Amino acid sequence: MICMECGATAEKGYTTDVTDLGNCLVIIRNVPCYKCQECNEVIYTADVVQHLEKIVEMAKNLMQEVSIIDYSKVA
């Protein structure tokens, strides 16, 4: 995959996604992604974005101040 920021090669990897909902911080670990080898830009595929949205919605319902979720266990 090619990085949209700098045009370098992005390779498969994993990252941690953080979403700040104002009253709740959702941290999702082990999220599959592509990482740029030059600028470290993180790129998600469409299916990963959909799963992240579902996980964040689930965390909203729990209404904890901080939620740390392992992507591989809920996706």
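The following is a working chat about the predicted model shown above.

User: What kind of model is this, and how are the residues numbered?
Analyst: This is a predicted model, in which local features need pLDDT of at least 70 and side-chain atom pairs count only at pLDDT 80 or more, while totals for chains, interfaces and linings use all residues. Residues are numbered from 1 along each chain as its sequence is written, and side-chain values use heavy atoms, with hydrogens and water left out.

User: How many helices and strands are there?
Analyst: The protein chain has two helices and four strands, arranged along the sequence as β-β-β-α-β-α. Both kinds of element are DSSP runs numbered from the N terminus: helices are H or I with at least four residues, and strands are E with at least two.

User: Which way do β1 and β2 run?
Analyst: Strand β1 (residues 10-20) and strand β2 (residues 25-36) run antiparallel and are joined by ten bridges. Two strands count as paired if DSSP finds at least two bridges between them. Within this pair, Tyr14 has Pro32 as its bridge partner, and Val18 has Ile27.

User: What about the turn between them?
Analyst: The two strands form a hairpin with four residues between them, and Gly22 in that turn has a positive phi of about 95°.

User: Which other strands pair with β2?
Analyst: Strand β4 (residues 66-70) pairs with β2 in the parallel sense over five bridges, with Ile27 opposite Ile68. Strand β3 (residues 42-43) runs antiparallel to β2 and is joined to it by two bridges; there, Tyr34 stands opposite Ile43. β2 and β3 also form a hairpin, with five residues between them, and Asn40 in its turn has a positive phi of about 65°.

User: Back to β1. Is Thr15 buried or exposed?
Analyst: Thr15, which lies in strand β1, is buried, because its relative accessible area is 16%. Buried means under 20% relative accessible area, exposed means over 50%, and partly exposed lies in between (1.4 Å probe, protein chains only).

User: What does Thr15 touch?
Analyst: Leaving out residues up to four places away in sequence, Thr15 touches Ile28, Arg29, Asn30, Val31, Cys33, Lys35, Val42 and Tyr44. A contact here means heavy atoms within 4.5 Å.

User: Which residues make up the largest nonpolar core?
Analyst: That core has eleven residues: Cys24, Val26, Ile28, Val31, Val48, Leu52, Ile55, Val56, Ala59, Ile69 and Tyr71. β2 and α1 (46-62) each supply at least two of its residues, and α1 gives the most, with five. A nonpolar core is a set of buried Ala, Val, Leu, Ile, Met, Phe, Trp, Tyr and Cys residues joined through side-chain atoms within 4.5 Å.

User: What does Ile55 touch?
Analyst: Beyond residues up to four places away in sequence, Ile55 touches Ile28, Ile69, Tyr71 and Val74.

User: Changing topic, what are the overall dimensions of the chain?
Analyst: The C-alpha trace spans about 40 × 20 × 15 Å along its principal axes. Of the 75 residues in the protein chain, 32% are buried.

User: What share of the contacts joins residues at least 24 apart?
Analyst: Among contacts between residues at least 6 apart in sequence, the share joining residues at least 24 apart is 52%.
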